[in-house]
Amino acid sequence: MKKIGILIEVRNGEIKTANYGVITAARGDDHELYAFVLDGSAERYKNQLQRYGIPKVIDIRQEQGIIPWNPELWSQTVTDTMLHFGINILFGLTSAQGRDVLPRVAASLEAPLVMDCINVNVADRTVRKSQFSGKVTATIRLKGSFSIYGIRPNVIDPQPAPCEAEVIPYRVPLSNGRMSIKEIRQPELAGIDLTEAEVIISGGRAMAKAENFSVLHECAEVMDAAVGASRAAVDSGYAPHYMQVGQTGKTVSPKLYIACGISGSIQHFAGMKTSGVVVAINTDPDAPIFEKCDYGIVGDLYEIIPMLTKQLK
Amino acid sequence: MKIYVCVKHVPDSAANIIVREGNRFDESVKYVINPYDEIAVEEAVRVKEQDGNSEVIAVTLGSEGAVNTLRTALAMGADRGILIKTDTRPDSIITARALKAAIEQDGKPDIIFTGKESIDSEGMQTMFRLAITLDMPVANNVVAFSMAEGRVTVECEREAGARQVVEMDLPCLVGAGKGLNNPRYVRIPDVMKARRKHVNEIDLESLNFKRPSSSLEIIELQPALEKRQCHILKGKPEDVVKQLVKLIREEGNFFLKTR
């Protein structure tokens with residue numbers, strides 16, 4: 001039996017949907033899956049986790065109770081739990097949290113790690129991931145006593161595989177970390193992170209000013225979408241950096257990507273190439289984006305999007 | 001203060017990457033300093049400018065050509081450079097150990113800056129490995145930085161624009177994210193001056209560090225295929241929107257949560 005740990009990520013007290021894709025990727029005939037739950041709600045998550053084929057749910061705390069978010073402490077916790085249970089394979093999400101935890105675990109175990117995997121073969125210990133911002137797909141082999149895989153959110157469809165789960169309490173001994181988290185500041189418009197969104201609506205240079213993004217935000221609201229921006233829009237100051245899709249921005253894989261007024265630079269494609277369906281709206285029929293989308297609309301986003309919002313309501 | 005900044009020589013983001021046999025690609029493209037590393041250099045130089053008693057040392061691991069990326073860092077204000085020369089493409093595990101060995105051989109770092117990731121291999125881990133092997137705290141994707149009395153306060157970008165405010169003691173490692181600063185434009189006189197700055201070249205093989213037992217091996221590269229066939233939705237805007245709504249709602253591979 002291969003013991004595999006899955007680092008469970010939670011948002012607003014619920015397991016993130018993208019986690020079920022990670023679990024699906026980690027399953028296999030001779031695999032025994034251990035869910036690492038750090039927020040104290042293991043009992044509550046048991047039903048959903050067993051639905052996706054997790055037989056062991058580890059309720060991980062420290063003596064004093066729940067371990068507060070701190071990348072150093074969480075990494076120490078995950079590392080300790082792996083060693084305690086004899087787990088040498090770990091799966092997690094390539095999310096903001098995963099990016100801050102998985103590499104720390106890998107460093108302290110001297111384990112090979114591949115982030116942003118789009119495909120994993122546990123038996124071969126090979127993965128596929130994009131490099132050069134989506135221009136190239138690399139096949140990488142991991143060698144060593146451990147393997148750690150960070151999965152790109154949404155690229156693996158969650159498939160249920162029901163089983164019976166048990167909750168195993170575990171208390172980790174923690175030493176003090178050397179970084180302290182003073183506060184977490186939320187942005188004015190809190191929403192879904194682009195890298196985890198199932199639907200993204202993005203604006204480009206044609207947005208012309210920051211206020212015009214409200215057209216996209218209104219449409220995003222009815223679709224549960226995240227709003228993105230091209231580098232041109234970010235560099236012109238119409239949108240903040242964290243909304244940028246593409247090279248030097250975020251790499252995204254939503255099921256639906258709607259590009260509004262984006263001409264489609266090589267760097268932008270690089271960041272949204274692995275999206276499901278791509279729809280482009282642009283007034284310029286010769287815009288390069290029309291060569292790399294599934295559906296194109298030659299038209300004015302300020303006319304099309306509000307109409308779309310209205311009809312979707 | 002001794003400020004080290006780790007930089008990587010990478011293909012320009014606009015470069016067309018042509019895959020050669022096996023795990024090679026055509027390297028005769030334009031190379032630049034990794035854009036996040038450029039932000040790291042800028043921040044390192046700003047720290048130096050505030051504290052006159054500092055030295056900024058740029059370090060890179062790469063082929064002979066990587067010296068050009070060091071020159072960019074020197075032109076931006078770094079004082080000298082270290083090139084760890086290799087014709088191989090070392091993985092993050094070796095890179096972190098080599099950087100550690102080269103830095104320790106050179107001096108005692110008070111702070112190390114890196115970019116938050118490289119835009120070529122996108123490994124997202126070297127800075128963590130480097131910091132942890134040096135036994136330093138590390139914060140990555142930093143978008144605000146300040147330092148006072150041996151303590152560093154940074155803001156790290158979290159999901160959807162949230163920020164995490166972190167405090168740590170020196171020495172520490174800071175991984176620069178976009179938005180931390182706007183790197184300065186390099187002027188011709190700076191480029192000329194940079195040519196006279198010292199670059200210490202070391203062979204990777206000559207560095208004294210324990211070779212790791214784990215590794216990441218790229219066994220194959222493939223060009224990412226673009227399979228999309230564009231269907232233009234035709235008609236008046238109202239009709240186009242109707243078609244769009246239909247395909248959003250009904251296209252089998254995507255379901256929309258309706259409220």
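The following legends describe close-up views of a predicted model.

**Figure 1. Overview of chain B.** Chain B contains six helices and 13 strands. Its C-alpha trace extends over about 65 × 45 × 45 Å along the principal axes. Of its 259 residues, 47% count as buried.

**Figure 2. The largest nonpolar core.** This core has 122 residues, and the members that touch the most other members are Ile6(A), Ala35(A), Phe36(A), Val5(B), Ala58(B) and Ala78(B). Leaving aside residues up to four places away in sequence, Ala78(B) touches Val5(B), Val41(B), Ala44(B), Val45(B), Val56(B), Ile57(B), Ala58(B) and Ala73(B).

**Figure 3. Packing of helices H5 and H8 in chain A.** Helix H5(A), residues 213-223, packs against helix H8(A), residues 301-312, at an angle of about 25°, and their axes are 9 Å apart. Because of this angle, H5(A) is roughly parallel to H8(A). Their crossing is left-handed. From H5(A), the residues Val215(A), Leu216(A), Glu218(A), Cys219(A), Val222(A) and Met223(A) take part, and they meet Tyr302(A), Ile305(A), Pro306(A), Leu308(A), Thr309(A) and Leu312(A) of H8(A). Sorted by class, the residues of this contact are 10 nonpolar, one polar and one charged.

**Figure 4. The side of chain B that touches chain A.** In this interface, 69 residues of chain B are in contact with 80 residues of chain A. On the chain B side, at least two residues each are supplied by helix H4 (126-133), strand E7 (138-148), strand E9 (163-169), strand E12 (215-223), strand E13 (231-232) and helix H6 (237-250). Strand E12(B) gives the largest share, nine residues. The side of chain B that touches chain A has 37 nonpolar, 14 polar and 18 charged residues.

**Figure 5. Crossing of helices H2 and H5 in chain B.** The axes of H2(B), residues 67-76, and H5(B), residues 188-195, come within 8 Å and cross at roughly 120°. The crossing is right-handed. Arg71(B), Leu74(B) and Ala75(B) of H2(B) meet Asp190(B), Val191(B) and Ala194(B) of H5(B). The contact has four nonpolar, no polar and two charged residues.

**Figure 6. Two residues of chain B with positive phi.** Met124(B) has a positive phi of about 65° although it is not a glycine. Met124(B) is located in the loop between strand E6 (111-115) and H4 of chain B. With 24 other C-beta atoms within 10 Å, Met124(B) is buried. Ala160(B), also not a glycine, has a positive phi of about 50°. Its position is the loop between strand E8 (151-157) and E9 of chain B. Ala160(B) is buried, because 21 other C-beta atoms lie within 10 Å.

**Figure 7. Two further loops of chain B.** The peptide bond from Leu170(B) to Pro171(B) is cis, with omega near -5°. Pro171(B) belongs to the loop between E9 and strand E10 (172-176) of chain B. Ser213(B) is part of the loop between strand E11 (199-203) and E12 of chain B. Ser213(B) counts as exposed because it has 10 C-beta neighbours inside 10 Å. Although Ser213(B) and Ile93(B) are 120 residues apart along the chain, their C-alpha atoms are separated by 9.6 Å.

Terms used: Residues are numbered from 1 along each chain as its sequence is written. Chains are lettered from A and ligands numbered from 1 in the order in which they are written. This is a predicted model: local features need pLDDT of at least 70, side-chain atom pairs count only at pLDDT 80 or more; totals for chains, interfaces and linings use all residues. A nonpolar core is a set of buried Ala, Val, Leu, Ile, Met, Phe, Trp, Tyr and Cys residues joined through C-beta atoms within 7 Å. A residue is buried if 20 or more other C-beta atoms lie within 10 Å of its own, exposed if 12 or fewer, and partly exposed in between; C-beta atoms are placed from the backbone. Two residues are in contact if their C-beta atoms, placed from the backbone, lie within 7 Å. Axes are lines fitted to C-alpha atoms, for helices over the stretch in contact, and angles run from 0 to 180 degrees between N-to-C directions. Helices (H or I, at least four residues) and strands (E, at least two) are DSSP runs, numbered from the N terminus. Angles under 35 degrees count as roughly parallel, over 145 as roughly antiparallel, 65 to 115 as roughly perpendicular and the rest as oblique. A crossing is left-handed if the near helix is turned anticlockwise from the far one by less than a right angle, and right-handed if clockwise. Ala, Val, Leu, Ile, Met, Phe, Trp, Tyr, Cys and Pro count as nonpolar, Asp, Glu, Lys and Arg as charged, and the others, Gly among them, as polar.
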